[in-house]
Amino acid sequence: MAREPREGGRGGRERERDRDGDDLIDKLVTINRVAKVVKGGRRFAFAALVVVGDQKGRVGYGAGKAREVPEAIRKATERAKRAMIRVPMKEGRTLHHDVTGHFGAGKVVLRSAEAGTGIIAGGPMRAVFESLGIGDVVAKSLGSRNSHNMVKATFDALERCASPRSVANRRGKKVSDILGKREGALEAADV
């Protein structure tokens with residue numbers, strides 16, 4: 001199943017349908033040429049980092065390495081599809097609460113935002129949010145600027161996100177007890 005090379009280089013966008021019939025988009029975050037020194041000289045390969053999402057709350061990332069760019073992208077995309085997570089979203093556009101994530105030397109801060117704010121985030125984090133389907137979020141990367149660390153720290157933060165309904169179930173309470181009477185009624189109507 002060979003695929004043709006992407007247009008546009010970094011941040012390229014391509015739609016495809018996977019086995020389950022979900023409409024997934026994949027975003028190429030970075031592609032890096034790496035070299036292995038062998039007896040006869042250097043052997044070059046390509047490492048790709050890809051983020052895959054359905055723009056409805058599911059997202060995953062994967063890394064792949066191969067001698068050819070399209071093969072590296074294909075491997076990374078397959079790994080990303082296998083590693084997808086579901087993230088609870090408020091009103092289908094933002095996070096329920098502010099959250100931080102860490103990976104290695106990378107630290108990210110994700111904050112929920114008002115309607116109409118848009119995605120205020122740097123390169124690798126922007127690809128994650130666009131694939132996830134979040135429309136309003138403010139994100140800041142502190143520490144490492146390495147794309148792999150930023151993506152992994154963002155996923156660490158997203159895995160820590162919880163919806164009011166899941167918190168209420170875990171505590172054995174009602175959503176209105178967690179949020180208050182007025183917000184609880186609105187949340188129950190939305191979900």
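What share of the contacts in the protein between residues at least 6 apart in sequence join residues at least 24 apart? I found 51%, a contact meaning heavy atoms within 4.5 Å.

I noted that this is a predicted model, in which local features need pLDDT of at least 70, side-chain atom pairs count only at pLDDT 80 or more, and totals for chains, interfaces and linings use all residues. Residues are numbered from 1 along each chain as its sequence is written, and side-chain values use heavy atoms, with hydrogens and water left out.

I looked up the elements next. The protein has six helices and nine strands; these are DSSP runs (H or I, at least four residues, for helices; E, at least two, for strands), numbered from the N terminus.

I then turned to the sheet. Four strands form an open, mixed sheet in the order S6-S7-S9-S8. Strands S6 (99–103) and S8 (119–120) stand at its edges with a single partner strand each, so one side of each lacks a neighbour in the sheet. Strands count as paired if DSSP finds at least two bridges between them. S8 and S9 (residues 137–143) pair in the parallel sense over two bridges, and Ile 119 stands opposite Val 137 in S9.

Helix H2 packs on this sheet and touches S7 (106–112), S8 and S9. I asked how many residues of H2 (residues 123–132) are buried. Seven of its ten are, buried meaning under 20% relative accessible area with a 1.4 Å probe, protein chains only. Among them are Met 125, Val 128, Phe 129 and Leu 132. Gly 133 follows H2 and has a positive phi, near 100°.

How values were computed: Buried means under 20% relative accessible area, exposed over 50%, partly exposed in between (1.4 Å probe, protein chains only). Axes are lines fitted to C-alpha atoms, for helices over the stretch in contact, and angles run from 0 to 180 degrees between N-to-C directions.
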